[in-house]
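Subject: Structure handover

Hello,

The structure is below, with its sequence. Please open it alongside this note, which goes through what was found.

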Amino acid sequence: ITEQVPPKFSAKWIDGKRAYDLARKGLAVDLPSIPITVYETKFIAYCHPFVTFEATVSEGTYIRALALTLAQELGTVGSLSNLERLREGPFVFEDEKALDIWPFIDLPENTFLGRPEVMEKGLKLRRDQFANQAEGTYKLRIGDTLSVIEIGPEKITYIINRMEF
């Protein structure tokens with residue numbers, strides 16, 4: 001058992017108001033720490049700069065805060081880019097049908113022309129590796145994964161890389 005301070009943008013109540021409402025107004029949000037239990041964390045994969053892990057935790061644990069704590073314990077920085085709940089109480093998610101998020105991402109599509117392992121490993125991208133080389137933010141379908149990149153004047157940045165859908 002350890003303690004965790006809930007995020008200021010949580011739904012916790014402070015003097016009759018939600019913490020996220022106060023935080024959005026720029027007001028100070030001081031939340032007390034709560035007891036949590038981390039039963040297990042399991043490293044699944046590393047694909048620079050992304051780490052995939054599973055955590056089995058007690059009710060009330062904030063996974064985004066846990067991810068931040070894990071990054072700090074590893075001596076680095078990070079944030080959670082994807083969260084998938086595998087179980088909640090007695091309910092286990094098995095063989096669920098994933099939603100097709102592709103049509104809901106309101107970005108133009110681009111095509112990656114380079115070797116697949118470049119995107120798989122999160123390597124540096126070059127403008128000539130894309131069908132559309134104009135500056136902008138694009139979605140890319142690579143197999144069963146979605147990536148979002150931004151082509152800027154000086155460099156290309158991964159916004160999301162290899163999110164399964």
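Two strands count as paired here if DSSP finds at least two bridges between them. Keep that in mind for the strands below. One caution as well: this is a predicted model.

Start with strand β5, residues 38-47, and strand β6, residues 50-57. They run antiparallel and are joined by eight bridges. Look at cysteine 47 for one of the contacts: its bridge partner in β6 is phenylalanine 50.

**The three-stranded sheet**

Next, go to β9, β10 and β11. They form an open sheet in the order β9-β10-β11, and the pairing is antiparallel. Which strands stand at the edges? They are β9 (136-142) and β11 (156-164). Each has a single partner strand, so one side of each is left without a neighbour in the sheet. On average, neighbouring strands of this sheet are turned by 15° against each other, direction ignored.

The pairing of β9 with β10 (residues 145-151) is antiparallel and covers seven bridges. Threonine 137 gives an example: glutamate 150 is its bridge partner in β10. When you check side chains here, remember a general rule. In a regular strand they alternate between the two faces of the sheet.

**Charges over tryptophan 102**

What sits over the ring of tryptophan 102? The charged end of lysine 139 does, 4.5 Å from the ring centre. Arginine 141 also lies over the face of tryptophan 102, and its distance from the ring centre is 4.3 Å.

As for pairs of aromatic rings, the structure holds one.

**The second largest pocket**

Last, the second largest pocket. Its volume is about 210 Å³. It is lined by 14 residues, and the closest to its centre are Glu3, Gln4, Ala65, Leu66 and Thr69. Two elements give two or more residues to this lining: β1 (2-4) and α2 (63-73). Which element supplies the largest share of the lining? That is α2, with six residues. By class, the lining of this pocket has nine nonpolar residues, three polar and two charged.

Best wishes

How values were computed: Residues numbered from 1 in each chain as written. Predicted model: local features only at pLDDT ≥ 70, side-chain atom pairs only at ≥ 80, totals over all residues. Heavy atoms only, no water. 1 Å grid on protein atoms, 1.4 Å probe; cavity = no way out; pocket = protein on both sides within 12 Å on 5 of 7 lines; lining within 4 Å. Points joined across faces, edges and corners; volume = space filled by probe spheres on them. Helix = DSSP H or I, 4+ residues; strand = E, 2+ residues; numbered from the N terminus. Nonpolar A, V, L, I, M, F, W, Y, C, P; charged D, E, K, R; others polar. Axes fitted to C-alpha atoms, helices over the stretch in contact; angles between N-to-C directions. Phe/Tyr/Trp six-rings, centres within 6.5 Å; stacked < 30°, edge-to-face > 60°. Lys NZ or Arg CZ within 6 Å of the ring centre and 35° of its normal.
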